[in-house]
2 protein chains.
Amino acid sequence: MAPSSSSRAGRPPRTSREAILAAARGLIAREGWQRLTFRRLAAELGVGTTTLYHHVRDREDLVIQLLNDQAARTARPELPGDPHERIIAAGIAVHDTLARWPWAAEVVATDGFIVRLGEPALWMVDAIVGGALDAGCTQAEAVVVFRSVWYYTVGEIIVRARTADRPSDAPRAVDADSFTGLDPERLPHLAAVRGEWGRESARDTYAEGLRAFVGGLLDRGRVR
Amino acid sequence: MAPSSSSRAGRPPRTSREAILAAARGLIAREGWQRLTFRRLAAELGVGTTTLYHHVRDREDLVIQLLNDQAARTARPELPGDPHERIIAAGIAVHDTLARWPWAAEVVATDGFIVRLGEPALWMVDAIVGGALDAGCTQAEAVVVFRSVWYYTVGEIIVRARTADRPSDAPRAVDADSFTGLDPERLPHLAAVRGEWGRESARDTYAEGLRAFVGGLLDRGRVR
DNA sequence: ACCTGAACACCGTTCAAGT
DNA sequence: ACCTGAACACCGTTCAAGT
């Protein structure tokens with residue numbers, strides 16, 4: 001399905017949007033998302049770098065197209081009937097999907113990003129907004145619920161991507177002796193939890209945070 | 001206090017950490033944070049680019065030092081006695097401060113970022129952790145409360161920085177006709193709130209989202 | 001010690017020209 | 001139409017050499 005390489009007999013004289021996305025997927029899979037550049041992508045396809053500008057507007061556009069393309073290939077989960085649980089399930093599904101695509105991190109925080117998503121990616125917005133409406137939110141409140149969950153998710157995803165990104169040579173001592181030289185007189189509470197900090201920071205707490213967040217957001221009269 | 005420029009009689013033969021940070025502040029103030037590069041910063045100081053590497057380890061280190069430096073110059077707010085309200089006040093203070101420093105966005109999501117902060121910046125971690133402990137959380141729960149609030153804040157700040165960043169030539173139609181061509185059969189809830197989307201997206205909903213989040217996090221038995 | 005220019009190894013993007 | 005190489009305008013960082 002995806003053209004394997006440029007080593008065929010007569011190298012193809014033209015590319016398509018589909019071929020570019022397929023090559024990008026291959027490049028990410030083989031060399032890592034940090035190596036996805038226009039120059040390398042063009043070389044992968046056996047075309048000139050500037051040829052890509054006939055099919056994608058710029059780098060941001062490439063990554064958003066890639067995200068929409070991948071979303072279309074991903075099965076969407078069955079969601080619970082309970083509105084509250086439905087929002088949580090949709091949030092976790094989005095989180096787990098984006099966690100598997102660290103290259104998407106650079107683009108999820110783009111202004112107006114949601115509006116640029118295609119239908120296969122928008123189901124999650126619909127599920128969260130729908131859950132909020134079914135729980136009794138007004139339309140405006142439902143948008144706030146989505147935005148809040150979105151900011152939380154984006155924050156976690158970007159920190160996660162930056163963590164995975166880090167070259168493993170310097171492990172960054174976040175372990176037992178976090179906050180060494182911390183004055184317990186001036187920062188007493190931080191000193192108190194110092195021992196828990198490293199252990200807790202290593203855990204994935206996204207789901208429990210989300211559960212608390214949705215609980216607070218759906219409490220009558222909390223939002224607005 | 002800060003050396004005004006390099007136009008003095010005999011240009012100073014050496015830089016210091018302090019001079020570098022002062023020059024960086026000036027460069028950001030005059031030309032915008034996007035123009036803060038090692039090459040430009042060195043030119044500003046009248047030294048060779050590579051000289052900077054004797055005072056800061058790399059670009060990330062420069063920005064974190066700048067953040068700690070700015071935090072030390074910023075007055076910290078009076079915080080309410082009520083633990084719940086204290087967490088909210090600290091969160092808003094952090095948010096409002098970071099919103100004024102868009103150059104910090106690139107670094108707040110760094111792995112182990114919090115541990116690299118100095119005491120003048122750590123008061124906010126202490127305030128949030130302290131509020132959680134005073135509200136009856138265990139030490140581990142208090143760390144989860146901080147992390148959750150932190151992810152939410154980071155997400156909002158990064159989206160905000162990316163929005164401000166955008167060159168204003170293309171305004172990105174997020175207005176009334178968001179989600180044009182959206183099929184109401186397939187995404188009914190999104191279609192329902194379409195009219196509210198643009199208006200709500202333009203509002204600053206950080207504080208109300210935070211209030212809901214903290215409410216949910218401090219509800220007994222919600223976290224863990 | 002502290003500073004330096006040159007060089008390395010890249011980027012995204014524009015543009016005028018080719019087929 | 002579609003594709004192209006060359007060029008523009010940059011980056012952060014390393015290194016061997018100078019004072």
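Q: Which side chains of chain B and chain A meet in a salt bridge?
A: Those of B:Arg186 and A:Glu119 do, at 2.3 Å from N to O; a salt bridge is a side-chain nitrogen of Lys or Arg within 4 Å of a carboxyl oxygen of Asp or Glu. This is a predicted model, in which local features need pLDDT of at least 70, side-chain atom pairs count only at pLDDT 80 or more, and totals for chains, interfaces and linings use all residues. Residues are numbered from 1 along each chain as its sequence is written, chains are lettered from A and ligands numbered from 1 in the order in which they are written, and side-chain values use heavy atoms, without hydrogens and water.

Q: How many salt bridges are there between the two chains?
A: The count between chain B and chain A is two.

Q: And how many residues does each chain put into the contact?
A: Chain B gives 67 residues and chain A gives 66, where contact means heavy atoms within 4.5 Å.

Q: What about B:Thr37?
A: The side chain of B:Thr37 has an N or O atom 3.4 Å from a phosphate oxygen of DNA strand D.

Key. A polar contact is a pair of N or O atoms within 3.5 Å; within protein, one must be able to donate a hydrogen and the other to accept it, and residues adjacent in sequence count only if both atoms are side-chain atoms.
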